[in-house]
Amino acid sequence: MVVLICRIMLYLAHHSLYISIMQQEVKTSLEELGRKIKRLKSRNERLESENESLRQSVFMYLEQLEAAKNESKKNKQDMLIQEIGKNADKKSLQKEIDKYIQLIDKCMATLHTKM
């Protein structure tokens, strides 16, 4: 009976030591998990901030690109208007020159008939 009691006491001592070791391992694991969660939370906040900054930069560049496209379109339209204006001026000048040539021809014809 004494041997049985000793065995039970030894078993309980061994079992409580085992439980104590397991509790310590669980505690260590939980502490490590808490540190990892804090690091991940900090990293997530940093990445969200960086993402927002990059998003603002992208929108700024898109606005600049749109403004540059509009400016380019306006410049092309201005060049086209100038080209049309030049063509109109050339036509107008050509008509005026033709009138003077006809006038000179008439004068020359009049001079030839009088001679």
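Visitor: Is Lys 74 buried, partly exposed or exposed?

Guide: In this predicted model, Lys 74 counts as partly exposed, because its relative accessibility is 44% and the partly exposed class runs between the limit for buried, under 20%, and the limit for exposed, over 50%.

Visitor: And what does Lys 74 form a salt bridge with?

Guide: Lys 74 forms a salt bridge with Asp 78, and the closest N and O atoms of the two are 3.2 Å apart. Asp 78 counts as partly exposed as well, with a relative accessibility of 32%.

Visitor: Why are Lys 74 and Asp 78 separated by about one helical turn?

Guide: Lys 74 and Asp 78 are separated by about one helical turn because they stand four residues apart in helix H1. As a general point, side chains of opposite charge can pair when their charged atoms come close.

Visitor: How many salt bridges does a search of the whole structure find?

Guide: A search of the whole structure finds three salt bridges. One of them joins Lys 36 to Glu 32, with 3.6 Å between the closest N and O atoms, and another is formed where the side chains of Arg 46 and Glu 50 meet, with an N to O distance of 3.6 Å.

Visitor: Where do Lys 36 and Glu 32 lie?

Guide: Both Lys 36 and Glu 32 lie in helix H1, four residues apart, which is about one turn of the helix. Lys 36 is partly exposed, with a relative accessible area of 39%, and Glu 32 is partly exposed, with a relative accessible area of 36%.

Visitor: What about Arg 46 and Glu 50, how many residues apart are they?

Guide: Arg 46 and Glu 50 are four residues apart, or about one turn of the helix, and both belong to helix H1. Arg 46 counts as partly exposed at 46% relative accessibility, while Glu 50 is partly exposed with a relative accessible area of 40%.

Visitor: New topic: which residues form a nonpolar patch on the surface?

Guide: The nonpolar patch on the surface is formed by Val 26, Leu 30, Leu 33 and Ile 37, which together have about 380 Å² of accessible area.

Visitor: Take Val 26, then: which helix does Val 26 lie in, and is Val 26 buried, partly exposed or exposed?

Guide: Val 26 lies in helix H1, which covers residues 2-114. Val 26 is partly exposed, with a relative accessible area of 46%, and therefore it passes the accessibility cut-off for patches, which asks for over 30% relative accessible area.

Conventions
Residues numbered from 1 in each chain as written. Predicted model: local features only at pLDDT ≥ 70, side-chain atom pairs only at ≥ 80, totals over all residues. Heavy atoms only, no water. Patch = residues over 30% accessible without salt bridge, like charges linked within 9 Å, V, L, I, M, F, W, Y side chains within 5 Å. Areas by Shrake-Rupley, 256 points an atom, 1.4 Å probe, with all protein chains shown as cover. Salt bridge = Lys/Arg side-chain N within 4 Å of Asp/Glu carboxyl O. Helix = DSSP H or I, 4+ residues; strand = E, 2+ residues; numbered from the N terminus. Buried < 20%, exposed > 50% of the residue type's maximum accessible area, 1.4 Å probe, protein only.
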